[in-house]
Amino acid sequence: MRVWFTLIAIALLLASLPLAGNNYLLRIATTVCMYAVMAQSWNFIGGLAGYPSFATAAFFGLGAYTSAIIQSHGAPLMLAWGCAGLAALSFAAFLGGAILHLRGHYFAIASLIVAEMLREIVNTMPGTGGGKGLTLPILKISVAAQAQFFFYAMLALALLCTAAAIVIHRSKLGFGLRCIQQNEDAASILGVNAYAYKTAAFSLSAVFVGMAGAIYASWVNYIEPPDVFDVLLAVKPMVMVLLGGLGTIFGPALGAVILLTFEELVWRNFLTVHAAALGLIIVMLVLFLPNGILSLVREKLPHKGAAK
Amino acid sequence: MTALLTLDGVSRSFGGLNAVDDVSLTVDKGEIVGLIGPNGAGKTTLINLITGVHPATGGRVRFEGRDITRMKPYQIARLGLARTFQIVQPFPKMTVAENVAAGALFCGHAGNVREAGAIAREHLAFTGLADLADRPAASLTLARRKRLELAKSLAMRPRLLMLDEVNAGLNPTEIEEALGIIRRIAEQGVTIIVIEHLMKVVLSISHRVAVLHHGQLIAQGAPRDVISNKSVIGAYLGAKYAATNPRGRH
């Protein structure tokens, strides 16, 4: 029960943000929500199942392009977003069937090339705009209203994704994924259909990211392959989850806030060396807090077993 | 008695090595069968072959008349074949109770995680681990981890339980306790295959003993007969010793 109250409290707090009337803040908050979706999604496959997936960028770009292309054929916005989620989901289910039998580094490398592959396909396929990119229809509402609309859209997606995480963490699926993460062979011997469970986790890690890509595309009005298939979109979710707390419910969202705060602060104060400074902070945090920021709070709380 | 498990000329080779070579063996319902043999004889490979971890490269495995040779480990587990690992395989970061709950949950004996937790408590009480239910599995001593392996496989409600050296590395008191638990499991009607190096243990609990050597089944029968079998003594102590030892007979 406590997690649901926490989620509702966070939702109400964030939903009242536009009242502050600060568009810079609103833009940052929209990005935080987008990062939270990506981190939360990666947590399904990377945190719960223990499969280090680099496919997040592929799902993001796939969602962005699916939505942009079907909107260019006249589909309404919401339908396009839904289709983007569906496209990412089916693509992940199909891809999972092909690469989820690989373990550890082998899986990581196989998932890494997927975004590169999609990027090349988009570059050469007709109807995608190729290297010139695609422009999306602009909403016919005021600039301030647009900012609010996209903030609420990202927020809703982040909340949906977190709600899904809460349900799955406590379900048979979540339990099975934790078993797989700790010892896949032992899990199989106990009757866990590891292949099906991993594919489910991989698909879950795709569906919300695909929709986030679609919302992002509409938000910025213009997408091109190097932007939406950027490898950083695959790396940042991992960093966020590691910062916040691997395999936890609120860790990924917390990690998103921390990473973006650092990005903004470092970028503003160390313009020329911001990437190096950010890298250093991340290395320090991961070295000294390997279980994430949440572990600091956790150690103070009494331990609670899930199988009670 | 009716056959529960039938191995029909099963083989498993790794490259050029025949780890299990044309083994035919029947295990009847309610039996405790001891599986012995020198190191590297293929005992664990035989268990891996039955549970689908390393599927047979030749021959057939039948469980209750059903051909399970090509089934996946999780499917075989759900049919009621459980095993423990020689090198214990707990989920280290989970609690002891969660480890056991996994067995009940994924073999379909519990509808949800909470029910599985309740079932886990029963098996923890049976194996004497109830006090440690909320401790992480990684914090257990070897003897208790072996017991945890046992509790996990019991939660699967097995028809056939394969115990791979559950007593290795334990002290005499711990072995006595473990034997007591195994006997009580057998009394509940579970058929058991025991892999064991400690002869005293094998002889005291097995109804029947099968001996593997270089992947082949070289003898099977009543425990006392098997250990005085000449080829068995030869396998353990060398042919020369078997020929001169007056106890050896065919």
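## Burial and overall form of chain A

A residue is counted as buried if 20 or more other C-beta atoms lie within 10 Å of its own, the C-beta atoms being placed from the backbone. By this criterion, 48% of the 308 residues of chain A are buried. The structure described here is a predicted model.

Chain A contains 14 helices and 2 strands. Its radius of gyration is 19 Å, close to the 19 Å that the globule rule gives for 308 residues, so chain A is as compact as a globular protein of that length. The C-alpha trace of chain A spans about 55 × 45 × 40 Å along its principal axes. Among the contacts in chain A with a separation of 6 or more, 77% are between residues 24 or more positions apart.

## The nonpolar core

The largest nonpolar core comprises 178 residues. The residues with the most contacts inside this core are A:Val37, A:Ala88, A:Met154, A:Leu157, A:Ala201, A:Ala212 and A:Ile215. Helix H9 of chain A, residues 194–220, provides the largest share of the core, with 17 residues.

A:Val37 illustrates the surroundings of one such residue. When neighbours within four places in sequence are left aside, A:Val37 is in contact with A:Leu157, A:Ala158, A:Cys161, A:Phe208, A:Val209 and A:Ala212. Two of these partners, A:Leu157 and A:Ala212, are themselves listed among the residues with the most contacts inside the core.

## The four-stranded sheet of chain B

In chain B, an open sheet of 4 strands has the order E2-E1-E4-E5, with antiparallel pairing. Strand E2 (17–28) and strand E5 (66–67) of chain B stand at the edges; each has a single partner strand, so one side of each is left without a neighbour in the sheet. Helix H1 of chain B, residues 43–50, packs on the sheet and touches E1, E2 and E4 of chain B. The direction of this helix makes about 65 degrees with that of E2(B).

Strand E1 (residues 3–14) and strand E4 (residues 58–63) of chain B run antiparallel and are joined by 5 bridges. Within E4(B), B:Gly58 stands opposite B:Ser11, and B:Arg62 stands opposite B:Thr6. E4(B) is also joined to E5(B), again antiparallel, by 2 bridges, with B:Phe63 opposite B:Arg66 in E5(B). These two strands, E4(B) and E5(B), form a hairpin with 2 residues between them, and B:Glu64 in the turn has a positive phi of about 50 degrees.

## Pairing around strand E9 of chain B

Strand E9 of chain B (residues 208–213) pairs in the parallel sense with strand E3 of chain B (residues 32–36) over 4 bridges. In this pairing, B:Val209 of E9(B) is the bridge partner of B:Gly34.

E9(B) also pairs with strand E10 of chain B (residues 216–221), in the antiparallel sense and over 5 bridges. B:Leu212 stands opposite B:Leu217 in E10(B). The two strands E9(B) and E10(B) form a hairpin with 2 residues between them, where B:His214 in the turn has a positive phi of about 50 degrees.

## The contact between the chains

The contact takes 28 residues from chain B and 20 residues from chain A. On the side of chain B that touches chain A, helix H2 (73–79), helix H3 (96–106) and helix H4 (113–126) of chain B each supply at least two residues. H3(B) contributes the largest share of that side, 7 residues. By residue class, the side of chain B that touches chain A divides into 16 nonpolar, 6 polar and 6 charged residues.

Key: Residues numbered from 1 in each chain as written. Chains lettered and ligands numbered in written order. Predicted model: local features only at pLDDT ≥ 70, side-chain atom pairs only at ≥ 80, totals over all residues. Contact = placed C-beta atoms within 7 Å. Nonpolar A, V, L, I, M, F, W, Y, C, P; charged D, E, K, R; others polar. Core = buried A, V, L, I, M, F, W, Y, C linked by C-beta atoms within 7 Å. Buried ≥ 20, exposed ≤ 12 C-beta atoms within 10 Å, placed from the backbone. Pairing = 2+ DSSP bridges. Axes fitted to C-alpha atoms, helices over the stretch in contact; angles between N-to-C directions. Rg over C-alpha atoms; globule rule 2.2 N^0.38 Å.
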